[in-house]
Amino acid sequence: MNFNTVHHELGHTYYQLAYREQPFLFMNSANDAFHEAIGDTIALSITPAYLQQIGLAEAGTPATDDTGLLLRQALDKIAFLPFGLLIDQWRWRVFSGDITPEHYNASWWDLRRRYQGVDAPVARSEQDFDPGAKYHVPANYPYTRYFLARILQFQFHRALCDAAGQAGPLHRCSIYGSTAAGERLRRTLTMGASRPWPEALEALTGARQMDATAIVDYFAPLKQWLDEQNRGHAVGWE
């Protein structure tokens with residue numbers, strides 16, 4: 001996990017180095033989600049082949065044996081999405097007055113049940129304030145950036161893998177050593193916040209809109225495996 005974190009933080013650093021020549025007001029990412037997404041995009045290139053290239057692993061297993069790898073990624077990337085969405089959904093409903101103080105905690109757990117299918121392990125009441133256990137809530141730190149970054153990073157990854165001429169499963173692609181992918185990434189990062197974010201997105205992916213289908217592409221082998229495991233079983237929650 002620390003190895004992934006190092007690559008993620010290096011993504012932030014490379015972004016900052018790339019836009020350092022911009023005027024002060026533009027020395028930032030195209031939008032809040034871009035900075036987080038770039039860091040995670042770099043980390044998505046930590047594949048078995050990459051680890052072999054840098055001498056940290058021996059000859060790996062075939063992609064057909066990657067169920068465990070994809071499960072681990074899904075527990076990080078996919079399981080996060082509903083939680084990443086509901087935090088600011090709860091917060092903005094509080095700001096708008098739709099959720100009033102006497103319903104703060106109950107509304108929080110209503111959203112967690114709806115989106116995550118989880119409930120409190122013990123009885124809760126309005127004497128509790130469970131949203132405050134998440135640092136970003138009392139610190140008034142925006143959280144939608146992390147939800148959007150989970151989508152953007154796969155869109156970035158797919159586009160950079162295409163630029164690198166990579167074939168095969170998307171989860172096995174690493175852009176390590178690709179000058180074509182590096183140049184496309186550099187063009188986007190050097191923009192900083194100087195252009196509207198759809199232009200930065202277009203420079204990297206060729207599209208001006210966010211596209212979550214790259215997540216489906218990345219986890220396609222896992223979905224096929226899960227569909228087989230769950231055949232005949234009810235999936236979901238009420």
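Which residue forms a salt bridge with Arg 158? Keep in mind that you're looking at a predicted model, then select Asp 211 together with Arg 158: they are the partners, with their closest N and O atoms 3.1 Å apart. Asp 211 sits in the loop between α9 (197-205) and α10 (213-218) while Arg 158 belongs to helix α7, so this pair ties together parts that are 53 residues apart in sequence. Asp 211 counts as partly exposed, at 26% relative accessibility.

Leu 170 is in the loop between α7 and α8 (179-191), and it counts as buried because its relative accessible area is 13%, below the 20% cut-off.

Arg 195 pairs with Glu 199 at 2.8 Å, N to O, and Arg 208 pairs with Glu 202 at 3.1 Å. Arg 208 is partly exposed at 42%, and Glu 202 is partly exposed at 36%. For a linked set, select Asp 40, Asp 76, Lys 77 and Arg 150, which form a network of salt bridges. The whole structure has 19 salt bridges.

Last stop: helix α5, residues 80-96. Its 17 residues reach 25 Å from first C-alpha to last, close to the expected 24 Å. Color its buried residues, among them Phe 80, Phe 83, Ile 87, Trp 90 and Val 94. Now show α4 (67-77), α6 (104-116) and α7 (144-163), which are part of what covers them. Just past the end of α5, click Gly 97, where phi is positive at about 90°.

Terms used:
Residues are numbered from 1 along each chain as its sequence is written. This is a predicted model: local features need pLDDT of at least 70, side-chain atom pairs count only at pLDDT 80 or more; totals for chains, interfaces and linings use all residues. Side-chain values use heavy atoms; hydrogens and water are left out. Helices (H or I, at least four residues) and strands (E, at least two) are DSSP runs, numbered from the N terminus. The expected span of a helix is 1.5 Å times one less than its number of residues. Buried means under 20% relative accessible area, exposed over 50%, partly exposed in between (1.4 Å probe, protein chains only). Contact means heavy atoms within 4.5 Å. A salt bridge is a side-chain nitrogen of Lys or Arg within 4 Å of a carboxyl oxygen of Asp or Glu.
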